[in-house]
Amino acid sequence: AEGEEEDGPYRGQYLGKLNSYHHQVSGDVYAVNEYTFLIVGFNYDGNGADTFFWSGASNRPGPQGFIVPDEYGKTNILDRYHNKDFTLTLPDRKKITEIKWLAVYDLSSQNNFGDVYIPEEFEPPKTQAGGTFSRRSHNVSSSSIEILDSKTIRIKDFTYDGLGKRTFFWTGVGAQPSSRGSKLPDERGYLDPIRKYNKETIELELPGDKTIFDIDWISVFDVADNENYGHVLINERLNVPPSLVKVTPFEFSLPNCRQLHKDLQVSWEVFGPQITFQLSGQVAANDYMSFGLSGSDTSSQMIGADVVVAYIDDIRGYTVDYNITSLAPCVQVLGQNKGVCRDDVVGGLDSFQLNTYSRKEGINTISFRRTLISSDSGDKEIFLDRSNYVVWAFGQLDSNNEPAFHTYYPKSDILIDFNTTEPTNDCFAFTKSVETPPPLWERTRITDATVRSFNAYLGPSGGLRGYQGLTGHVSSGLAWYINGYMIPELYLKRGLTYTFKVRGGNNPHSPEHYHPLVITDDPQGGYDRLSDAKQSEIRVLAGVEFTRRGRPKPTAAGPLCLSRYPPNYDRRLDDNFPTFKKFNRSLITECVDEPPALLEITPNITWPDTVYYNSFTHGNMGWKIHIVDSYNNLRNGAVSVSWSHLVAIFLLPLCFVLQY
C-alpha cells in the first residue's frame with residue numbers, strides 16, 4: 001500500500017523523517033487520516049525555551065502558523081521526549097491537506113528545530129469504497145462494502161439465506177476464492193458457520209495480525225462442498241487509515257492449538273495416559289473460561305457436558321471440574337444438586353490438576369492436566385481413536401465465583417481430534433479494539449399510586465442492554481417481568497397493601513423453572529442457595545416462612561408463566577433489538593392455566609427505603625423496590641408507567657396453556 005514501509009506494521013501514509021536542525025529532534029511521521037499524524041520514535045532534548053508542535057500553510061516554518069496540541073491534547077511547552085510513539089491531531093478540524101508542514105518550533109527565538117513537509121497532491125488515508133458481493137447462490141448479496149481501515153470491513157445490506165452446510169466468511173489470496181483460504185470471524189468474533197442475514201450492516205475484523213494488504217478477496221464459502229456462494233474482490237494499494245486494534249501475539253508451549261473464538265483458544269498435548277490443556281482467553285479479570293467434553297456423542301451439547309471452569313482471582317488461578325445436568329445455577333432438587341454443579345458437590349472428584357496461570361496484557365492463560373480415563377465415574381473419557389465433540393463458553397463469575405449465564409458460547413458442533421500424527425494449529429494473535437457498550441434498554445419505574453397489584457412472571461434477561469446492563473449484576477439467563485416490563489423499579493408507599501400475583505413456577509423438581517418470589521434487603525437473591533451464615537445476614541421481608549427447625553420455606557410459588565424465544569432463535573442476538581418493547585414483542589408467552597400464588601405485603605416504618613424482589617432459588621433475577629412515605633417527591637429520570645399503560649402492555653403477549 002502507498003506509504004507502507006517494508007518492515008513493521010502498516011501505520012498509514014509515510015510522510016518522511018523529521019529533518020533535524022537543533023536539539024536532537026528526530027522521528028518518522030505518518031498521516032493516519034485526514035486530521036491526524038502518527039510520530040514514531042520521536043526524540044527532542046527538551047531544552048527549548050518556548051517550543052511547541054507548530055504547523056502552517058506558508059512555504060516554510062515561520063511565525064505564521066498555529067500550535068498543534070500534543071499527544072494529550074494540551075498546548076503546553078514541550079518537555080523532553082525519548083523514542084516515543086504518539087499521535088497528533090490538528091486543531092479545529094483542520095485537515096492535513098490545508099497545511100504544508102509540521103515542525104518543532106520555538107516561538108520566542110523563532111527557531112525551527114525540525115520539520116517534515118506535506119507533499120503536493122497529497123491524499124490522506126481515508127475510508128475507501130469497494131465492490132459488492134457477487135450474487136452466485138444462497139441469496140448472497142450486499143451494497144458496496146467500505147474498507148474502514150487496514151483491518152476492518154463494513155458490509156452494508158448483507159444478505160445470506162443461512163442454508164449452507166458449513167459456510168463461513170472466508171478470505172485469502174489469488175484471483176478467485178478457493179478452499180486454500182481461511183476463516184474470517186463473524187461480526188461477533190465467532191468462528192462458527194455463519195447465520196442467516198437479511199439486509200444487515202455488519203463489520204468484520206481481519207484476525208490476528210492480518211491486514212487488508214494481505215488478502216485479495218472475501219467470500220461466503222461453504223467448506224463442505226468447496227463452493228463459493230458470493231465474493232467481493234479487494235483492490236490493491238488501498239489508501240486507508242491504519243487500524244487502531246491492539247494485536248497481542250498468542251503464546252502457547254503445547255504443540256496443538258485450536259482457535260475457538262476470536263478471544264479464546266485451547267492448546268493441548270497427550271503424554272501417556274494424561275492430557276495437558278492450556279486455555280488462553282482475552283477476558284475481563286473476573287471472567288471464567290470453560291472447555292470440555294460434550295454431553296452427547298453425536299453433537300456439541302451443554303446438557304450432560306463434563307467441563308473445566310478456569311479463572312484467576314486476586315491471588316491465584318483455579319481449574320474446577322463441573323458437571324452440567326441443566327442450564328441453570330446449581331440448586332438442590334429433592335435433596336440432589338442439579339444444574340451447573342461442581343463435581344465435588346454432586347459426589348464426584350475434581351479431576352483437573354492446575355499447572356500454571358498468568359494474566360498479561362488482558363489475556364488469562366491457565367494450563368492444567370487430567371487423565372484420559374478418569375477414576376470419577378461422572379467424568380467423560382477423552383478418546384484418542386476418534387474425534388471428540390466439545391463445548392466451550394466464557395463469561396462472568398457471580399458473587400460466589402460460580403459461572404453465571406455465559407456471554408459467549410457456540411451454536412454449532414465442534415469436533416477436535418486430540419491424537420493427531422502431525423501437530424495442528426489454526427490459532428492467531430488476539431486483537432482488541434475500543435468497544436463502546438450498546439446503549440441500555442429503557443429503565444422503567446412503576447410510580448402510579450393507584451397500582452396495587454403486580455403480575456410477576458418470567459422471561460429472558462436480554463443481553464448487555466437488558467438485565468446485566470440495567471443492574472450491573474451478572475445474569476442467570478432469566479429475569480422477573482412485572483406487569484409486562486423487565487425488572488422495573490417499583491415505588492410502594494408505607495402503610496398501603498400490595499399484591500404480587502406470582503407465576504414463576506411451582507414444580508420443585510425443575511432446576512430451571514422453580515422460582516418462588518421473595519422480598520429481602522439483599523440485591524442478589526437466590527436466598528435458598530446461600531450458606532446459613534449468609535442467610536443470617538439478610539432480612540427477609542416477604543415470601544419466606546421458617547420451619548420449626550429454622551429452615552426457610554417459600555410461600556409464593558405460583559404456576560409457570562414464561563416468555564420464551566421463538567423456535568430456532570439465537571439469544572446471542574438479543575442486543576440487536578434497539579428497545580425492550582421490540583424485544584418483548586418477539587417473545588412467545590406460555591402460561592399454565594392455574595391461578596397465581598398471591599404474595600400480599602404492607603410495607604411499614606421498619607422496612608428499609610430500598611428492598612429487592614428476587615427468586616428464592618436463583619440469584620440475579622429481580623431488582624429494586626423503593627419504599628416511600630409519599631409519592632409527591634418522585635423525580636423523573638426513567639420511563640414512569642401509569643395503570644392504563646400496564647393494562648395495555650400485559651395484554652400484549654400471546655398466551656398458551658402449558659402442560660407439564
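Reader: Starting with His23, is it buried, partly exposed or exposed?

Author: His23 counts as partly exposed, because its relative accessibility is 26%. Buried means under 20% relative accessible area, exposed over 50%, and partly exposed in between, with a 1.4 Å probe and protein chains only. Keep in mind that this is a predicted model, where local features need pLDDT of at least 70, side-chain atom pairs count only at pLDDT 80 or more, and totals for chains, interfaces and linings use all residues. Residues are numbered from 1 along each chain as its sequence is written, and side-chain values use heavy atoms, with hydrogens and water left out.

Reader: What's the phi of His23, and where does the residue lie?

Author: Its phi is positive, about 55°, although His23 is not a glycine. His23 lies in the loop between β2 (19–20) and β3 (26–31). Strands here are DSSP runs of E, at least two residues, numbered from the N terminus (helices are H or I, at least four). For background, most residues other than glycine have a negative phi.

Reader: And Lys199, what's its phi?

Author: Lys199 has a positive phi of about 55° and is not a glycine either. Lys199 is found in strand β15 (residues 197–205) and is exposed, with a relative accessible area of 59%.

Reader: Switching to disulfides, how many are there?

Author: The count is three, taking a disulfide as a pair of cysteine sulfur atoms within 2.5 Å. One joins Cys257 to Cys427, with S to S at 1.9 Å, and is left-handed at -90° about the S-S bond. Cys257 lies in strand β19 (residues 256–261) and Cys427 in the loop between β31 and β32 (430–432), so the link ties together parts that are 170 residues apart in sequence.

Reader: What about Cys330, which cysteine is it joined to?

Author: Cys330 is joined to Cys341, S to S 2.0 Å, and that link is right-handed with 100° about the S-S bond. Both Cys330 and Cys341 are buried. Another disulfide joins Cys561 to Cys591 at 2.1 Å. In sequence order of the bonded cysteines, the pairing is 1-4, 2-3, 5-6.

Reader: Which strands make up the open sheet, in what order?

Author: Six strands, in the order β27-β24-β23-β22-β30-β31, with antiparallel pairing. Strands pair if DSSP finds at least two bridges between them. The edge strands, each pairing on one side only, are β27 (340–342) and β31 (414–416). Inside the sheet, β22 (residues 287–293) and β23 (residues 306–312) pair over five bridges, and Leu293 stands opposite Asp306 in β23.

Reader: Now aromatics, how many pairs turn up?

Author: A search of the whole structure finds 39. Rings of Phe, Tyr and Trp (its six-membered ring) pair if their centres lie within 6.5 Å; planes under 30 degrees apart are stacked, over 60 edge-to-face, and the rest tilted. Phe42 and Tyr81 have ring centres 5.0 Å apart and planes at 70°, so they are edge-to-face.

Reader: Which residues are linked into a cluster by ring pairs?

Author: Trp441, Tyr457, Tyr481, Tyr565, Tyr569, Phe577, Phe580 and Phe583. Tyr457 and Tyr481 are both buried.

Reader: Last one, which ring does the charged end of Arg195 sit over?

Author: The ring of Tyr197, 4.1 Å from its centre. The rule is NZ of Lys or CZ of Arg within 6 Å of the ring centre and within 35 degrees of the ring normal. Lys94 also lies over the face of Phe66, at 4.7 Å from the ring centre.
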